[in-house]
Amino acid sequence: LTLPDGDEVSAGEFFANPDISDDLKRKIDRWVVLHTTKLLGEHRAKGHNTRMFINLSAASLADEALPGWIGVAINAAKLPKGSVVFQFHEDDASRMLKQAQDFSHAVQEKGIPSALSRFGCALNPMHVLKHLAVSYVKVDGSFTQELSNTDAQKHLKGLLEQLHEEEKLTIIPLVENATSVASLWQMGVHFIQGYYVQAPQAALSFDFSDENEM
């Protein structure tokens with residue numbers, strides 16, 4: 001969001017503002033879902049096999065009507081169920097475990113995958129995960145930033161091994177260089193995200209020539 005003075009505020013900063021009501025957050029999330037699915041539907045109609053991850057606020061996890069509404073939005077955009085993944089933070093899931101559990105199971109029943117992001121910072125992250133029906137797990141970016149540290153590498157490798165044993169698809173964010181890619185490849189990571197792959201873009205103009213790319 002661009003402020004009147006020209007400064008920019010990230011979505012994370014905006015949603016963390018205590019002056020923003022949960023009702024407004026839920027309305028914004030629905031707006032994002034509606035317009036993203038419409039845009040993705042138009043994009044895939046041109047022959048692109050692109051998937052989209054949509055972040056949800058903690059407020060939306062408590063919206064019992066949201067899973068059904070999401071199903072309608074995806075059907076209206078004529079999207080296959082696996083083309084949109086709904087993502088929420090580990091911290092939100094820890095604080096709202098029942099709501100996160102209900103949401104993840106509700107969308108799973110509709111064939112719609114979900115993802116847990118910023119994973120691995122809780123005291124017992126696997127305890128939270130076992131209650132959730134998520135298909136993807138994106139570890140916290142701090143793990144990527146510490147890849148040069150041997151102990152940090154071992155910790156991340158152990159965490160990924162546990163996730164793979166649970167048959168979760170793993171994502172590593174903030175990947176900035178080839179050295180990080182080499183280390184992550186040896187750990188069996190499924191997907192990477194970051195400037196090494198592509199900087200953020202204003203439109204869906206990236207060439208997804210390989211259908212396995214994301």
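Is Asp 102 buried, partly exposed or exposed? Asp 102 is partly exposed, with a relative accessible area of 39%; buried means under 20% relative accessible area, exposed over 50%, and partly exposed in between, with a 1.4 Å probe and protein chains only. The legends below treat this residue and several others in turn.

The structure is a predicted model, in which local features need pLDDT of at least 70 and side-chain atom pairs count only at pLDDT 80 or more, while totals for chains, interfaces and linings use all residues. Residues are numbered from 1 along each chain as its sequence is written, and side-chain values use heavy atoms, with hydrogens and water left out.

Figure 1. Helices (H or I, at least four residues) and strands (E, at least two) are DSSP runs, numbered from the N terminus. Two strands pair if DSSP finds at least two bridges between them. Within S2, Gln 87 is the bridge partner of Asn 55.

**Figure 2. The packing of helices H2 and H4.** Helix H4 (residues 66–76) packs against H2 at an angle of about 20 degrees, and the two axes are 9 Å apart. H2 is therefore roughly parallel to H4; angles under 35 degrees count as roughly parallel, over 145 as roughly antiparallel, 65 to 115 as roughly perpendicular and the rest as oblique. The crossing of the two helices, H2 and H4, is right-handed. A crossing is right-handed if the near helix is turned clockwise from the far one by less than a right angle, and left-handed if anticlockwise. From H2, Arg 30, Val 33, Leu 34 and Thr 37 meet Leu 66, Trp 69, Ile 70, Ala 73 and Ile 74 of H4. Contact means heavy atoms within 4.5 Å.

Figure 3. The structure holds 5 salt bridges, each a side-chain nitrogen of Lys or Arg within 4 Å of a carboxyl oxygen of Asp or Glu. A network of these links Asp 91, Asp 92 and Arg 95. Arg 95 meets Asp 91 at 3.5 Å, N to O. Because they are 4 residues apart in helix H5 (residues 90–95), Arg 95 and Asp 91 are separated by about one helical turn. Arg 95 also forms a salt bridge with Asp 92, whose closest N and O atoms are 2.5 Å apart. Arg 95 and Asp 92 are 3 residues apart in H5, about one turn of the helix. Arg 95 is exposed, at 54% relative accessible area, whereas Asp 92 is buried, at 9%. Residues up to four places away in sequence aside, Asp 92 touches Ala 58 and Leu 61.

Figure 4. The side chains of Lys 98 and Asp 102 form a salt bridge of 2.6 Å, N to O. Because they are 4 residues apart in helix H6 (residues 97–109), about one helical turn separates Lys 98 and Asp 102. Lys 98 counts as exposed, at 53% relative accessibility, whereas Asp 102 is partly exposed, at 39%.

**Figure 5. Thr 144 and Leu 174.** Thr 144 lies in helix H8 (residues 141–145) and counts as buried, at 7% relative accessibility. Apart from residues up to four places away in sequence, Thr 144 touches Ile 172, Pro 173, Leu 174 and Val 175. Leu 174 lies in the loop between strand S5 (169–172) and helix H10 (178–186). Leu 174 is not a glycine, yet has a positive phi of about 60 degrees. Most residues other than glycine have a negative phi. Leu 174 counts as partly exposed, at 39% relative accessibility.

**Figure 6. Arg 118 in strand S3.** Arg 118 is found in strand S3 (residues 114–119). Although Arg 118 is not a glycine, its phi is positive, about 55 degrees. At 48% relative accessibility, Arg 118 counts as partly exposed.

Terms used: Axes fitted to C-alpha atoms, helices over the stretch in contact; angles between N-to-C directions.
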